[in-house]
Amino acid sequence: MHTEILAVRHADLSLGRGEAMVATSLGRQDGTHPIRSRVAPLLEGALRRRGLAVRSGPVQAVPPSDPLDPVLLAGAYTPHGATEQIAAVALAPDDGAARDAAQSALCEVEGALRSRTVLLASPRSFCAGVDRAIEIVERVLSQEGAPVYVRKQIVHNVHVVRDLERRGAVFVDELDEVPPAATVVFSAHGVSPDVRTAADRRGLRVIDATCPLVTKVHAEARRFAGRGDTVVFIGHAGHEETEGTLGEAPGQMVLVESAADVAALRVPDPARVSYLTQTTLAVDETTEVIEALKERFPALRAPHSEDICYATTNRQEALRAVTADSDLVFVVGSVNSSNSQRLVELSARQGTPAQLIDDASEIDPRRLHGVVTVGLTAGASAPPRLVEQVIDSLAGLGAISVEEREVTQENVQFALPRTVRAK
Ligand code: SF4
């Protein structure tokens with residue numbers, strides 16, 4: 001990519017050493033209409049990985065005047081089969097190290113230029129439980145005003161949490177951070193009865209955004225424990241959903257994470273054992289654990305219907321439809337999102353490398369070298385707009401054809417709690 005150095009104008013733009021401003025659009029000196037930079041997120045990520053503090057926004061190139069003005073490193077390029085694209089970054093004028101970093105980041109982006117196919121797994125992204133949980137917080141914010149306290153992340157996605165924080169949500173780890181008598185929203189992952197009791201004791205008004213499919217597992221835990229069973233919970237230690245469900249019958253529930261854990265289980269009565277699972281597990285791995293349980297406890301009792309939820313199952317099935325034909329899979333989701341992590345692992349088990357990305361800025365252009373077909377999906381807590389952003393960034397590297405592979409349609413909806421519906 002041939003780059004030229006221009007001056008830059010941007011409202012209140014002042015850049016110090018080690019700082020950079022990536023142009024999301026560039027207005028040129030000739031006054032032509034600004035060009036949007038589709039690769040801006042990729043450039044942002046490449047610069048951050050080089051240790052720069054990065055912002056982004058529209059910039060206007062102007063003729064150089066004051067030597068203290070930020071400089072703009074800008075390149076226009078036309079990838080094969082695509083229209084003209086731009087990549088541009090503004091820096092402090094005397095920051096040689098940042099300029100070297102920007103040159104190398106631009107080269108990295110240039111090295112990934114080529115036309116590609118994107119195989120889009122469907123269903124992907126938000127599920128009914130996540131939609132409902134976010135809408136609950138939004139409604140409470142508009143009905144009661146900020147701040148609205150939320151215990152734990154409402155759903156496991158950094159973009160969702162940041163967006164709600166900007167609008168006045170305050171995420172807390174524990175209830176003692178919530179002022180007495182305030183309103184608190186419980187997250188989609190559910191809470192143990194102890195947390196409900198603690199909320200009562202503090203006089204908090206609770207609005208429960210627990211996904212109804214998690215609530216169903218809690219009810220099963222109480223029922224199975226109530227009939228005297230040892231309830232084996234298949235899940236991941238430390239996950240909020242696991243902690244909440246185990247809290248329903250702490251003396252009678254045991255956690256297993258793998259078939260190996262089953263061998264080590266000791267129960268008071270092997271004839272009275274039942275099992276439940278976390279809602280976001282890998283279907284194939286969980287089947288192995290259940291088989292191991294059945295072998296150890298032939299009288300094992302199962303839940304009436306699968307605990308792994310429809311959204312988890314559908315996203316895994318949809319991913320299977322794209323992995324075989326993809327060179328690389330991107331899973332949009334946050335690191336603490338269980339169902340997103342399971343998608344990454346599933347792709348690897350299917351023989352296709354996969355990377356979990358919070359957004360397009362986490363795509364390392366070097367990983368795209370030689371990649372012709374990209375598989376793309378998103379965990380149930382990842383907003384659909386982030387998938388669009390990834391597609392747009394890939395389109396900034398060359399012509400793309402997008403093929404959606406839909407394995408099923410989802411039309412599940414969950415009713416909102418009466419307290420937020422009524423107002
Ligand atoms: S992933 Fe499943 S259990 Fe979790 S919120 Fe979505 S629908 Fe509910």
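The paragraphs below go through this predicted model from its overall layout to its sheets, its ligand shell and a few backbone details.

The protein has 423 residues, and buried residues make up 43% of them. Its C-alpha atoms fill a box of roughly 80 × 50 × 35 Å along the principal axes. The secondary structure comes to 13 helices and 18 strands. The chain is divided into four parts: domain 1 (3-111), domain 2 (118-124 + 310-406), domain 3 (128-210) and domain 4 (213-296). The centres of domain 1 and domain 3, taken over C-alpha atoms, are separated by 40 Å.

Seven of the seven residues of β6 (residues 85-91) are buried, so the strand is largely enclosed by the rest of the structure. In a regular strand the side chains alternate between the two faces of the sheet. For β6 both faces are covered: Q85, A87, V89 and L91 are buried on one side, and I86, A88 and A90 are buried on the other. Two strands that pair with β6 can be followed residue by residue. Strand β5 (residues 71-77) runs antiparallel to β6 and is joined to it by seven bridges; here G75 has A87 as its bridge partner. Strand β2 (residues 19-27) also runs antiparallel to β6, with three bridges between them, and in this pairing V22 stands opposite V89.

The next sheet is built from parallel strands. It is an open sheet of four strands in the order β9-β8-β10-β11. Its edge strands are β9 (169-172) and β11 (205-208), each of which pairs on one side only. From one strand to the next the twist averages 30 degrees. Within this sheet, strand β8 (residues 148-151) is joined to β9 by four bridges in the parallel sense, and the bridge partner of V150 in β9 is F171.

A second open sheet with parallel pairing has three strands, in the order β13-β12-β14. The edge strands are β13 and β14 (273-277), and each pairs on one side only. Neighbouring strands of this sheet are turned by 30 degrees against each other on average, direction ignored. Strand β12 (residues 230-234) can be followed to both of its neighbours. Towards β14 there are five bridges, and the two strands run parallel; V232 has Y275 as its bridge partner there. Towards β13 (residues 253-256) the pairing is parallel over four bridges. In that pair I234 is bridged to V256.

Where does the ligand sit in relation to the chain? It is surrounded by 15 residues, and the closest are C127, G129, C211, T279 and C309. The elements that give two or more residues to this shell are α3 (128-144), α6 (212-226) and α10 (310-323). Helix α3 provides the largest share, three residues. By class the shell holds ten nonpolar and five polar residues, and no charged ones.

Some backbone details remain. Most residues other than glycine have a negative phi, and most peptide bonds are trans. The bond from S122 to P123 is cis, with omega near 5 degrees, and P123 is found in the loop between β7 (116-122) and α3. The bond from A146 to P147 is cis as well, with omega near -5 degrees; P147 lies in the loop between α3 and β8.

Positive phi values occur at K152 and A181. Phi of K152 is near 70 degrees, and K152 lies in the loop between β8 and α4 (158-166). Phi of A181 is also near 70 degrees, in the loop between β9 and β10 (183-186). Are these two residues buried or exposed? K152 has 21 other C-beta atoms within 10 Å and is therefore buried, since the cut-off for buried is 20 or more. A181 has 9 such atoms within 10 Å and is therefore exposed, since the cut-off for exposed is 12 or fewer.

Definitions and conventions: Residues numbered from 1 in each chain as written. Pairing = 2+ DSSP bridges. Domains from an automatic or database assignment. Near = placed C-beta within 6 Å. Nonpolar A, V, L, I, M, F, W, Y, C, P; charged D, E, K, R; others polar. Axes fitted to C-alpha atoms, helices over the stretch in contact; angles between N-to-C directions.
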